[in-house]
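Please examine the sequence and the model shown here.

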Amino acid sequence: MIVLKLGGSAITDKERPETLDGEALERAADAIGGALEGRGGGDSDEAADLVIVHGGGSFGHHNASEHGVTTAEGTRDAEAVIDVHGAMKTLNQFVLQRLLERDVNAVPVHPFSTAHRDADGALALPTSQIETMLAEGFVPVLHGDLVAHAGEGATVVSGDELVAALARDLEADRVGLCSTVPGVLDAEDEVIDRISSFEDVEAVLGASDATDVTGGMAGKVRTLLELEAPSSIFGLEDVSAFLAGERPGTTIESESS
């Protein structure tokens, strides 16, 4: 069981609202399609163990920022919900189209229709439908989105949150995050090979320099350290290597895992 996230900034131009990075998405889709083809094809039992999540990039983050919606601050304005959710469905359709063109048996799972937060902000993401999709040979593709939030209307759910929930509930063997950088970088912009505690890298991790309502690299590292499955953060050029079983970029695995 593999959970792979395509970072929103890796497949969109995050500086330009609702702008796809078509070349980057094509490269990611090529890698995914090639990996599944090498394992027997998109409709085989052996290939049906991949769940894909993609971030919001310039589609989700721009619209969420325009409406002042974050993971904690919500909205009860239906038009705002439709703007953000609609933008994410558009990006999701682009991702699905590229995967289908490569014979990946990809299907959409929209978090707004399935997940929610309680009054404390805890995310509930049912996964039985995803398990059934996998068993039937589909590759579920989820995305950052809005979700109903008790007491707040609707708030953002990030792709990283979805990855963490899926990894725990589906008992993932490996988790991979494809980013715009080749891994977590140190003060000299060199890739850190392994992270086992947040304190080891806290001084060099900062927030994203583009519009990001979900926490940047520091948030990703914190989230991945809480998982039992080993995780990797890597660049677009290493998607194939990760899917082939390698550990490119930065490996994140807490000492207690």
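Two strands are said to pair if DSSP finds at least two bridges between them. Strands (E, at least two residues) and helices (H or I, at least four) are DSSP runs, numbered from the N terminus. The model is predicted, so that local features need pLDDT of at least 70 and side-chain atom pairs count only at pLDDT 80 or more, while totals for chains, interfaces and linings use all residues. Residues are numbered from 1 along each chain as its sequence is written, and side-chain values use heavy atoms, with hydrogens and water left out.

Strands of a sheet pair through backbone hydrogen bonds, either parallel or antiparallel. Here an open sheet of mixed pairing is formed by eight strands, in the order S3-S6-S2-S1-S9-S11-S12-S10. Its edge strands, S3 (106–108) and S10 (194–195), each pair on one side only. S10 pairs with S12 (residues 250–252) in the parallel sense over two bridges, and Ile 195 stands opposite Ile 252 in S12.

Helix H6 (residues 159–169) packs on the sheet, touching S1 (2–6), S2, S6 and S9 (174–179), where contact means heavy atoms within 4.5 Å. The direction of H6 makes about 180° with that of S1; angles run from 0 to 180 degrees between N-to-C directions, and axes are lines fitted to C-alpha atoms, for helices over the stretch in contact.

Helix H3 (residues 57–66) has seven of its ten residues buried, that is, under 20% relative accessible area (1.4 Å probe, protein chains only). Among them are Phe 59 and His 61. The buried residues of H3 pack against H1 (8–11), H4 (78–100) and S8 (153–157).

Methods: Buried means under 20% relative accessible area, exposed over 50%, partly exposed in between (1.4 Å probe, protein chains only).
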